[in-house]
Amino acid sequence: MAKLPVQLRLNGADRATFVDPAEPLLTTLRRGLGDFAPKYGCGQGTCGVCTVLVDGEPQLACLTLAVACDGRHVETASGLADGPDMHPLQTAFMAHFAAQCGFCTPGMLTAARALLAHNPHPTREEVVEAISGNICRCTGYEPIILAILAAAAAPGARRA
Ligand code: FES
Ligand code: FES
């Protein structure tokens, strides 16, 4: 089957590649563009480890067609840090031991990033709701929730 050209912005950089018509964005990111932050878990939209932002909105990359992202801005956890400066969410995850095996962490960080971009001062309940589609088998969720609340409370924290 003929491949289709796709041009997108990935974490602020213009990228171009060719994809199969039915190729999931997750495959394109990992195999085609070398961004391994989004993980492959269930592959069917139930675990959240593949969460990315498409034009600022959280999407499951395993269920999103790569061709549908032509001309759009895709952001992954790889783009969170600003050079050597970690994003406040990354700092808070470290401080609260919110990552154990780390498999869920890029998706969690991305879901949290979307939350704080839209709602800089969420309640605990809003944090729980925002990460409700992201499964973590290790932490029991409490450290993750506390880390996101801490990042939200950090003075002058970068939100986006
Ligand atoms: S791999 Fe996409 S939701 Fe599980
Ligand atoms: S830290 Fe292991 S799945 Fe969340």
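Two strands pair if DSSP finds at least two bridges between them; helices (H or I, at least four residues) and strands (E, at least two) are DSSP runs numbered from the N terminus. With that in hand, V6 stands opposite T17 in β2. This is a predicted model, where local features need pLDDT of at least 70, side-chain atom pairs count only at pLDDT 80 or more, and totals for chains, interfaces and linings use all residues. Residues are numbered from 1 along each chain as its sequence is written, chains are lettered from A and ligands numbered from 1 in the order in which they are written, and side-chain values use heavy atoms, leaving out hydrogens and water.

| Pair | Sense | Bridges |
|---|---|---|
| β1 and β2 | antiparallel | seven bridges |
| β1 and β5 | parallel | two bridges |

β1 and β2 form a hairpin with two residues between them, and N11 in the turn has a positive phi of about 50 degrees. On the β5 side, L10 stands opposite V74.

Now to helix α1 (residues 25-32), whose buried residues (under 20% relative accessible area, with a 1.4 Å probe and protein chains only) are L25, L26, T28 and L29. Seen down the axis, they fall within an arc of 170 degrees, so they line one face of α1; the arc is that of the directions from the helix axis to the C-beta atoms. Their packing partners are β1 (4-10), β2 (13-19), β3 (51-54) and β5 (73-75), with contact meaning heavy atoms within 4.5 Å. Just after α1, G34 takes a positive phi of about 70 degrees.

Notes:
Buried < 20%, exposed > 50% of the residue type's maximum accessible area, 1.4 Å probe, protein only.
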